[in-house]
Amino acid sequence: INSPLSPPPLDVVVVTEKRSLNLLLLAIAGGFLSLGFAPYSLWFVLYVAFGLLLYFLMHAGSLWRSVLYSYTFAAGFNLASLHWVHSAFAAYSFDPQVAGWAWPATIGMGLLLALPYTLVGAGLFALRPHLRDAALPPLALALLWVAVELLRSTTVYGFPWNLVGYVFAPHLNMLQLAHVVTVFGLSVLGVWAGALVWQLRLKYVMGALLIQLALWGYGVVRLAQNPPASSHQTSVRVVQADVNQHTKMNPNTRQWQVLHHLDISGPASAPVVVWPETAVPFSLDLNADLRAGLTAAISEHGVLVLGHPHWQNEQIFNSISVLNHKGEILTRYDKRLLVPFGEFLPLRAYLGFLGNFALGTIDYSVGTTPVRLPVLPNLPALPLVCYEAIFPFYVRAHHSNQQFILNLTNDGWFKGTIGPAQHWYIALTRSVETGLPLVRVANQGVSGIVDAFGRSQMLTANTSGAENFNLPYTD
């Protein structure tokens, strides 16, 4: 009872025979963690969530119970923070029968994504005999948690969504350290600070607050030393069409969609005009008349950057192209990281019975073009289509010698949910990590420009419109 790891009176919760209550509390704590992310952005929930998780893990009586505790917490977190995924299947499925599987599929995804976090419980149980100082378990939990985040982020088709470090993304001061330690370093600090309160002792609570204060202080200083740029800027016109997803998928509205984008863009008024992912539902190579029509949005020495499908050798790609005022395609990028069940069906030879979960019988192909898009002379961009921006290592591997990040997306699949807000702040974090400005254009969702320190200029989310922004960059 007098050991350094003796728990406070809250121990009555753990020693009770009502073990189902423990699991319920952990699931609620995991769900509560989701409130730390956009659009809620309540970063202080880290203290409740990870404090409770560590408390239960340190009093699990067996390896099995420790694994079960960590899994239950992660499952609660995934289900609460990713429930919006169901809307893509429920509202916009190609097959009405698939809509009935929207919630089961989403719940199954949340439970499946929680499985790697059993390693957190197993690892901490193995380390417990060596963690004789009460200050060590919080750090051990943080390192184990982030090890799983790294595992989720390094697989080719992993899903590194809502890593704990993104809790700080809406709070610009606390996000700045990502330039040094990346989002994974922020995750370590976030979990560590949250778990320090597991014993409710004053010195550990003060330690947690000190971590947050240091994080905030570093950001204040960095932003003060780097005011918004006033030179080396290019005017970029961001065009958000806000085309309803049902309309976007209707083959009878394809021509209207192009005309709608032209109408919103207005007279050419910026050297760079950017349209979102699949803004033009035609292959540009096969439509010279279409390319000629698009020049209405392009100034004499300017370009139009747009998303579109591209067909080549019986393959279809999700692409970004750059057009000049003559209607010539200057360069193209084909998306490399495809969305499972959205752009291709994994193991189609075995899962073909799922059919329209992935565009029926059609799979997009993985691009092989260089991850570099010269938008203007001496202004190369790192092109990212949709959720390619959520992969920290992919972005870091290709950010060298680029002037800015270009992210075209269509978050209309998830309009009315919390998904688009989360997606925006994930992409914004890439700017702080890499030190590159970001131009992000969404059909529906959040569009705008972010400087290399995360300071943003945004269009109003989910509305139709266009606006010129200054893109700051370095020579």
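A: Two residues are in contact when heavy atoms lie within 4.5 Å of each other. Take the contacts in the chain with a separation of 6 or more: residues 24 or more positions apart account for 68% of them. The model is predicted. Its secondary structure comes to 18 helices and 12 strands. The chain has 475 residues, and 56% of them count as buried. The accessible surface is about 19,600 Å². Carbon and sulfur atoms own 64% of that surface.

Now the helix pair. Two packed helices are described by the angle between their axes and the distance between the axes. Helix H9 covers residues 136–154, and helix H11 covers residues 178–195. They pack at an angle of about 145°. Their axes are 8 Å apart. The crossing of H9 past H11 is right-handed. On the H9 side, the contact is made by Pro138, Leu139, Leu141, Ala142, Leu143, Trp145, Val146, Glu149, Leu150 and Ser153. H11 contributes Phe184, Ser187, Val188, Val191, Trp192 and Ala195.

Next, the charged pairs. A search of the whole structure finds six salt bridges. One of them joins Asp334 and Arg332, at 2.9 Å from N to O. Asp334 has 3% relative accessibility, so it counts as buried. A salt bridge also links the side chains of Glu343 and Lys335, with N and O 2.8 Å apart. Glu343 is at 7% relative accessibility and therefore counts as buried. Lys335 has a relative accessible area of 0%, so it is buried too. The cut-off behind these calls is under 20% relative accessible area.

Arg455 and Asp451 form a further salt bridge, their closest N and O atoms being 2.8 Å apart. Both Arg455 and Asp451 are buried. Asp451 also touches Ser431. Ser431 sits in helix H18, residues 419–434. Its relative accessible area is 0%, so Ser431 is buried. Leaving out residues up to four places away in sequence, Ser431 touches Ile405, Leu436, Pro437, Leu438, Val450, Asp451 and Ala452.

Last, a nonpolar patch and a loop. Leu21, Leu24, Leu25 and Ile28 make a nonpolar surface patch of about 330 Å². Leu21 belongs to helix H2, residues 19–33. Leu35 is placed in the loop between H2 and helix H3, residues 45–57. Its relative accessibility is 26%, so Leu35 also counts as partly exposed. Leaving aside neighbours within four places in sequence, Leu35 is in contact with Tyr40, Ser41, Leu42 and Val45. Leu35 and Leu46 are 11 residues apart along the chain, and their C-alpha atoms are separated by 9.3 Å.

Notes. Residues numbered from 1 in each chain as written. Predicted model: local features only at pLDDT ≥ 70, side-chain atom pairs only at ≥ 80, totals over all residues. Heavy atoms only, no water. Patch = residues over 30% accessible without salt bridge, like charges linked within 9 Å, V, L, I, M, F, W, Y side chains within 5 Å. Areas by Shrake-Rupley, 256 points an atom, 1.4 Å probe, with all protein chains shown as cover. Salt bridge = Lys/Arg side-chain N within 4 Å of Asp/Glu carboxyl O. Helix = DSSP H or I, 4+ residues; strand = E, 2+ residues; numbered from the N terminus. Buried < 20%, exposed > 50% of the residue type's maximum accessible area, 1.4 Å probe, protein only. Axes fitted to C-alpha atoms, helices over the stretch in contact; angles between N-to-C directions. Left-handed = near helix turned anticlockwise from the far one by under 90°.
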